[in-house]
Amino acid sequence: MAMTVAVANRHESGDNINRHLDSSGKYVRYTAEQVEALERVYSECPKPTSLRRQQLIRECSFLANIEPKQIKVWFQNRRCRDKQRKEASRLQSVNQKLSAMNKLLMEENDRLQKQVSHLVSENGYMKQQLTLTTVGTDASCDSVDPTPPHHPLTDANSPAGLIAIAEETLAEFLSKATGTAVDWVQMPGMKPGPDSVGIFAISQKCNGVAARACGLVSLEPMKIVEILKDRPSWFRDCRSLEVFTMFPSGNGGTIELIYMQTYAPTTLAPARDFWTLRYTTSLENGSFVVCERSLSGSGAGPNATSAAQFAKAEMLPSGYLIRPCDGGCSIIHIVDHINFEGWSVQDVLRPLYESSKVVAQRMTIAALRYVRQVAHETNGEVVYGLGRQPAVLRTFSQRLSRGFNDAVNGFNDDGWSIMHCNGAEDITVAVNSTKHLNSFSDPLSFLGGVLCAKASMLLHNVCPAVLIRFLREHRSEWADFNVDAYSAATLKAGAFAYSRMRPTTFTGSQIIMPLGNTIEKEEMLEVVRLEGHSLVPEDSFLTRDVHLLQICTGIDEDAVGACSELVFAPVNEMFPDDAPLVPSGFRVIPVDAKTVGDAQDLLTANHQTLDLTSSQDVGSTPETGSNPSTRCILTIAFQFPFENNLQENVANMACQYVRSVISSVQRVAVALSPSVLIPIPGSKLSPGSPEAVSLAIWICQSYKQHFGSDLLRTDSLGGDALLRQLWDHQDAILCCSLKVING
């Protein structure tokens, strides 16, 4: 009924716009010639001025019998009709999307009902078995590995065998995407609703780790297939993906044999690689499917030297189901099911490889968000700053992330080699003499290469999002402006070498200029301007501002299992699209405490790690099962270009700088830890505790950095004396608060 009234109103409006009052007061229709002239002006200017309307009457003699007021009314009605058409089109699009989402929710409800029935039946069977089994049988069952054996695919050497594997993979994937092959549970903190990205679920009690997502996207199915198959464009952990063989499957589909390498999230673990079969086909109902699984016995990779740096991982049947909907939309089902073989890493790192929540955030949710982002950009719903195209900004984000991952992993085939590893402080220095920046628009042939100083550490009771947000907003608390100025100077041909840099002071001010962000605001790309001034009198009138291109991700405290990153690289003020980037930054990954061993287990890893907040054990809140994400792994990597004759100097500077950053992060971690703010029931925080002393030292150092003079002589004071003198200072105003931070 409402649609009928709307159509009738549109017909009535269209009829009124083509009529006008004549001199006798009767409605007379506009002639075709008059309408054509008015439409021509409307296409040029929908809201012409009074002078333009009078000019139109003078230019067109056939409009002379129409009053100027009637011409004005015609343009008003014309604009109103355009507005009605746009609104009707928008409502129709919204109605189509709601219908598709309603269909998706109904299907999800049906699947959940089947899963409940299956669980009820399974529960009844288990109860029956428990009443029949003996204690001895139970003991023998406990020793059996519940993981089903992985049967080698011995027929993977012939096209017929590969087609059979592809069909089997398709069936298994569909049973996970729309069936009950996996016991799915709702992703914590991702409750579906009108404003949600989609429906997300993670696995429980299955071989490996799995995550599932489904959502509605305003793109054609084939465009989505093209985007998702280009995995390096959206999966930030993907180092490379090579297709070695492709052949038709006989039913209109294609089969590909793929070798993929992924980055390690931290310096403490090896990277992973996959040999997979990818099957792309269409179903009878018009849906498109891209499914994938690992192949056993596929060799060691295209390059044996490169493959030796990776640990094998298995991709169980996974993929994408894309179903077309009305209005050019599509419903996407995504399943990622991977066995990282977490038993092969240290206990403290196992949560990174045995957590379905981490897989969901890094792969499944990232894929759906990326497709939705492209859809919004394609439809013109996203506007970015500084006149940059969305594709260019995405490329900047990818280059920053990839450059940081390259620095953290330091692959030999990229030219990286270990220069030295400081065992006392666990700082690794790697050098890449083959990594020159002269392939970009700015000639930097004088550079000898790039040097990277990196370290990883375990943090206690610190929320990754809170820590990264603090590092982003308070750069002056941990960064050295002179080091930033040196890195920026190396981007200019003929710039000052490190030993000849002009002395510069940092005003402490930073201006963050947003370039763009994703629609869910989980990733922000921005330019940071650090204001500096020369200390040399003859250069005092010159500005020494430093500009950084920066990407910040994972600052939502409610995102369970999300990795938080702050990655930046110095750039010129008007950086071109192909500007050279040497990224540095921080990555904080939450670790599930329920499977984490003692912090000392880290010392037996391939690279030792720093337990920065061990001092928090004094007066800290004991960990409980209700707060599992109380630990996280922080990885720091800083890159510095250098000239050939200054490699040792830059290496020493890099170690000293990273050591300073580590010390600053330690103070920040202590200050942000809830254990500092929440007293234990029945106990009292000692005035001379490490937390109080660290806070007092931090206040004094911050005062000196901003005002250039000492607040207190911290070198001659310690413990209660330092805190007491700060407390009794005549100008001190100390504000203390207690805030419960839910980890």
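A residue is called buried when its relative accessible area is under 20%, exposed when the area is over 50%, and partly exposed in between, with a 1.4 Å probe and protein chains only. By that rule, 46% of the 743 residues of the chain count as buried. The structure is a predicted model, in which local features need pLDDT of at least 70 and side-chain atom pairs count only at pLDDT 80 or more, while totals for chains, interfaces and linings use all residues. Residues are numbered from 1 along each chain as its sequence is written, and side-chain values use heavy atoms, with hydrogens and water left out.

**The chain as a whole**

Helices (H or I, at least four residues) and strands (E, at least two) are taken as DSSP runs and numbered from the N terminus. Counted this way, the secondary structure of the chain comes to 17 helices and 23 strands. Contact means that heavy atoms lie within 4.5 Å. Among the contacts between residues at least 6 apart in sequence, 68% join residues that are at least 24 apart.

**Two nonpolar cores**

A nonpolar core is a set of buried Ala, Val, Leu, Ile, Met, Phe, Trp, Tyr and Cys residues that are joined through side-chain atoms within 4.5 Å. The largest such core in this chain has 54 residues, and those with the most contacts inside it are Trp478, Phe586, Ile636, Phe638 and Phe640. Helix α14 gives the most to this core, with 13 residues. Another core, which lies apart from it, has 48 residues, among them Phe235, Cys238, Val345 and Leu368.

**Two pairs of packed helices**

To describe how helices pack, axes are lines fitted to C-alpha atoms, for helices over the stretch in contact, and angles run from 0 to 180 degrees between N-to-C directions. Angles under 35 degrees count as roughly parallel, over 145 as roughly antiparallel, 65 to 115 as roughly perpendicular, and the rest as oblique. A crossing is left-handed if the near helix is turned anticlockwise from the far one by less than a right angle, and right-handed if clockwise.

Helix α13 (residues 481-489) packs against helix α14 (residues 647-672) at an angle of about 140 degrees, and their axes are 11 Å apart. This angle makes α13 oblique to α14, and the crossing of the two helices is left-handed. In this pair, Val483, Asp484 and Tyr486 of α13 meet Val650, Met653 and Tyr657 of α14. For classes, Ala, Val, Leu, Ile, Met, Phe, Trp, Tyr, Cys and Pro count as nonpolar, Asp, Glu, Lys and Arg as charged, and the others, Gly among them, as polar. The contact of α13 with α14 accordingly has 5 nonpolar, no polar and 1 charged residues.

Helix α7 (residues 221-229) and helix α10 (residues 356-378) pack at about 130 degrees, with axes 11 Å apart. That angle makes α7 oblique to α10, and α7 passes α10 in a right-handed crossing. Here Ile224, Ile227 and Leu228 of α7 meet Ala367, Tyr370, Val371 and Val374 of α10. The residues of this contact divide into 7 nonpolar, no polar and no charged.

**Individual residues**

Glycine 252 is placed in the loop between β6 (238-248) and β7 (254-262), where it counts as exposed because its relative accessibility is 78%. Asparagine 461 lies in the loop between β16 (449-460) and α12 (464-473), but counts as buried at 15% relative accessibility. Although asparagine 461 is not a glycine, it has a positive phi of about 55 degrees.

Serine 306 has its place in helix α8 (residues 304-307) and is buried at 4% relative accessibility. Leaving aside neighbours within four places in sequence, serine 306 is in contact with Arg239, Gln261 and Asp413. Histidine 333 lies in strand β13 (residues 330-339) and also counts as buried, with 4% relative accessibility. Valine 466, in helix α12, is buried with a relative accessible area of 16%. Not counting residues up to four places away in sequence, valine 466 touches Glu557 and Leu672.

| Residue pair | Apart in sequence | Apart in space |
|---|---|---|
| Glycine 252 and threonine 281 | 29 residues | 6.6 Å |
| Serine 306 and glutamine 261 | 45 residues | 9.8 Å |
| Valine 466 and alanine 669 | 203 residues | 9.7 Å |
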